[in-house]
Amino acid sequence: KAWQLLAQLAYIALATGVTTGLGLNALDTMRVAMGISVGLAVPLLFLAWRRLGPREPKHPLAPGQSLWVAAARQLGLIRELSRTNPAVVRLLVIFALTAAAMAAFIVAILTVATSVLAATTVDVAALAAINLLAGAVGAGCYRVAVGRLGHRSTLIAAEALWIVVIALFAIVLDGPDALPVAFVLSIGSGIGLGSAGPAVSGYLTATMPAGREAELWGWGIFASVSLTWLPPLVFASINEGTDSPRLGLASLAIYFMAALLVALFVRGNSELRGSSDAVEGSQDAEAADGKPAGAQTDAPA
């Protein structure tokens, strides 16, 4: 996550430097930025493909079997897990809520910055840079916290941090004079950006039944994008209906509150990987041995 956020910051700096130096308008800026994205992504994807190479499927399709039918049957996996390991299903719900709210946050805070705080282009870039830099720090904070607190407590702390930060943003940012405060609060939101995602995915990895990792990570990816349309829609509706971007920003706290409530009911399943404490303890031991959280072990499912 830290590398991801730092790469985003480097990309923004590169695209901004190129387009500013060339004096491009908004449309040409978008075209150049997309060109830079493709120019960087294609060789990196090629290098990744050369390094990893093709892999044999774990559950190959039978001759004549439709991929769509096989995918539809995966719904049975979710029904099965809702009975045998409900913690995984609840974490997928948390994944969907948290990812959707975080994806909408940057757009929301930049809207508030320009419409309420009268932020300039430089101010907006500075807010984005602070969030991304603090996000890299937040990823490191997660790594420390999960070793000391365990997965469940770290996840609850990350969701609670987001609720507090959004509440402060909505209350304090009442005019142009509050712009310096926005820079300070961006440190907190950045730490949330860097820690909440790993907190959810790390806990999800720790509770996955052995041998189902690929299937469940497919559901994890689906969960992470399934609700991304909702928070921006609600934010825009509130903003247009009340002419209050701060109120629209405050609406994002609802998703983190819902995720926090669900997180309070997440417990490890004793039939699969022991109690919640046992799951967290095993991950802590791995971290102490220098293994990344969520690494595969020979522990029985």
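1. In this note, Ala, Val, Leu, Ile, Met, Phe, Trp, Tyr, Cys and Pro count as nonpolar, Asp, Glu, Lys and Arg as charged, and the others, Gly among them, as polar. On that basis, the lining of the largest pocket has 15 nonpolar residues, 10 polar residues and one charged residue. The structure under discussion is a predicted model.

2. Overall architecture. The protein has 13 helices and zero strands. Of its 301 residues, 40% are buried. Among contacts between residues at least 6 apart in sequence, 79% join residues at least 24 apart.

3. The largest pocket. Rolling a probe the size of a water molecule over the atoms shows where empty space is left. The largest pocket has a volume of about 850 Å³. It is lined by 26 residues, of which L5, Q8, I12, I106 and L132 are the closest to its centre. Two or more lining residues come from each of α1 (2-22), α5 (86-115), α6 (121-149) and α8 (179-207). The largest share, eight residues, belongs to α1.

4. The second largest pocket. About 540 Å³ of space lies in the second largest pocket. Among its 18 lining residues, H59, A70, A71, Q74 and E215 are the closest to the centre. The elements that supply two or more residues to this lining are α3 (67-72) and α9 (213-226). With five residues, α9 gives the most. By class, the lining of the second largest pocket divides into eight nonpolar, five polar and five charged residues.

5. Helix α1: length and faces. The 21 residues of α1 should span 30 Å at 1.5 Å a residue, and the end C-alpha atoms of α1 are 30 Å apart, which agrees. Within α1, the residues L5, L9, A15 and T19 are buried. Seen down the axis of α1, the buried residues fall within an arc of 135°, so they line one face of the helix. The face turned away from this buried side carries the exposed residues W3, G21 and L22.

6. Helix α1: surroundings. The buried residues of α1 pack against α2 (26-52), α6 and α8. Q4 also has its place in α1. What is the relative accessible area of Q4? The value is 41%; because buried means under 20% and exposed over 50%, Q4 is partly exposed. The C-alpha atoms of Q4 and G135 are separated by 9.5 Å, although the two residues stand 131 residues apart along the chain. After α1 comes G23, whose phi is positive, near 65°.

7. Helix α12: length and faces. Helix α12 covers residues 253-264, and its 12 residues reach 17 Å from the first C-alpha to the last, close to the 16 Å expected at 1.5 Å a residue. The buried residues of α12 are A253, Y255, F256, A259, L260 and A263. They fall within an arc of 155° when seen down the axis of α12, so they line one face of the helix. I254 and L261 are exposed residues on the face of α12 turned away from its buried side. The cover over the buried residues of α12 includes α5, α7 (151-172), α10 (230-242) and α11 (245-250).

8. N239 lies in helix α10. Is N239 buried or exposed? Its relative accessibility is 16%, so N239 counts as buried. Leaving aside residues up to four places away in sequence, N239 touches T111, S244 and P245.

9. Positive phi values in loops. Most residues other than glycine have a negative phi, and most peptide bonds are trans. Two residues should be read against that background. A118 is a residue other than glycine, yet its phi is positive, near 55°. A118 lies in the loop between α5 and α6. D243 likewise is not a glycine and has a positive phi of about 55°. The loop between α10 and α11 holds D243. At 66% relative accessibility, D243 counts as exposed.

Technical notes: Residues numbered from 1 in each chain as written. Predicted model: local features only at pLDDT ≥ 70, side-chain atom pairs only at ≥ 80, totals over all residues. Heavy atoms only, no water. 1 Å grid on protein atoms, 1.4 Å probe; cavity = no way out; pocket = protein on both sides within 12 Å on 5 of 7 lines; lining within 4 Å. Points joined across faces, edges and corners; volume = space filled by probe spheres on them. Helix = DSSP H or I, 4+ residues; strand = E, 2+ residues; numbered from the N terminus. Expected span 1.5 Å × (residues − 1). Buried < 20%, exposed > 50% of the residue type's maximum accessible area, 1.4 Å probe, protein only. Arc of directions from axis to C-beta. Contact = heavy atoms within 4.5 Å.
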